[in-house]
Amino acid sequence: MTLRLLDEANYDAEMESKVLPALDACMTEGWMDPATVDWNGDALPKLDEPGRLHYCCYDAHKFDVLREDGASGIFRGVVVISHGFTEFARKYSEMAWYFLLAGYSVCILEHRGHGHSAHEPLADRLFGRAGDVGPARGDHDEQHRHDGDHHQLLPGPGFEPFGKFHVFAIIFG
């Protein structure tokens, strides 16, 4: 399968007139409580201020109804985009567009402290909390929390069970 990339000379116009309206037509957006258990079902450390996490999911079946040029029309599964440090869901609009054209539904969960998701107090993010090991505050626990949050989101609020999942992750660096 070959996908046509957006024309760089007309990028803004294509995004505004075609891509973003199509994404909005097939998007489910919402907020969820953070996971209390990781992917294996093991309890995660309790958060002092859990807040809520923001997500955007794009349904390939709804996208196919739009009959966009170049869309495969063949459902292939779900891609979960796990963004990197200081990023947010809308940054991946163009990437979601390409995955939808290829027949994949797309889910993007904004991690704690990113986009519209809950943010920890600034001092905790910069200096850690009492008892934590350095500013990184236990990367192992944070990764388990991200995994648990993704597990809780999938197959996605309002979505039918999809079956096969693929993860497209950006390094948290």
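The model is predicted, so local features were taken at pLDDT of at least 70 and side-chain atom pairs at pLDDT 80 or more, while totals for chains, interfaces and linings use all residues. Residues are numbered from 1 along each chain as its sequence is written, and side-chain values use heavy atoms, with hydrogens and water left out.

Start with the inside. In soluble globular proteins, nonpolar side chains tend to be buried together. A nonpolar core here is a set of buried Ala, Val, Leu, Ile, Met, Phe, Trp, Tyr and Cys residues joined through side-chain atoms within 4.5 Å; buried means under 20% relative accessible area, exposed over 50%, and partly exposed in between (1.4 Å probe, protein chains only). The largest such core has 25 residues, and Y58 and W97 touch the most other members. At least two residues each come from α1 (11-25), β2 (53-58), α2, β3 (77-82), α3 and β4 (104-109), where helices (H or I, at least four residues) and strands (E, at least two) are DSSP runs numbered from the N terminus. Helix α3 gives the largest share, 6 residues. Another core, of 10 residues, lies apart from this one, and Y55, C57, C107 and L154 are among its members.

Setting aside neighbours within four places in sequence, W97 is in contact (heavy atoms within 4.5 Å) with L6, K18, V19, A22, L23, F63 and E68. With F63, W97 also makes one of the aromatic pairs. For these, the rings of Phe, Tyr and Trp (its six-membered ring) must have centres within 6.5 Å; planes under 30 degrees apart count as stacked, over 60 as edge-to-face and the rest as tilted. The rule gives 2 aromatic pairs. F63 and W97 sit edge-to-face, at 5.5 Å centre to centre and 85° between the planes. This pair bridges distant parts of the chain, with F63 in helix α2 (residues 60-65) and W97 in helix α3 (residues 93-101), 34 residues apart. Both F63 and W97 are buried. The other pair, F99 with Y104, is edge-to-face as well, at 6.3 Å centre to centre and 85° between the planes. F99 counts as buried because its relative accessibility is 17%.

On to the charged side chains. A salt bridge is a side-chain nitrogen of Lys or Arg within 4 Å of a carboxyl oxygen of Asp or Glu, and the model has 5 of them. D24 and R90 meet at 2.9 Å, N to O, linking helix α1 to the loop between β3 and α3 across 66 residues. D24 is partly exposed at 42% relative accessibility, and so is R90 at 36%. D33 and R52 pair at 2.8 Å, N to O; both lie in the loop between β1 (27-32) and β2, so the bridge ties together parts 19 residues apart in sequence. K91 and E87 pair at 2.7 Å, N to O. Of these two, K91 is partly exposed at 48%, whereas E87 is buried at 11%. R4, E14 and K18 are linked in a salt-bridge network.

Most residues other than glycine have a negative phi. R67, not a glycine, has a positive phi of about 55°. R67 sits in the loop between α2 and β3 and counts as exposed because its relative accessibility is 71%.
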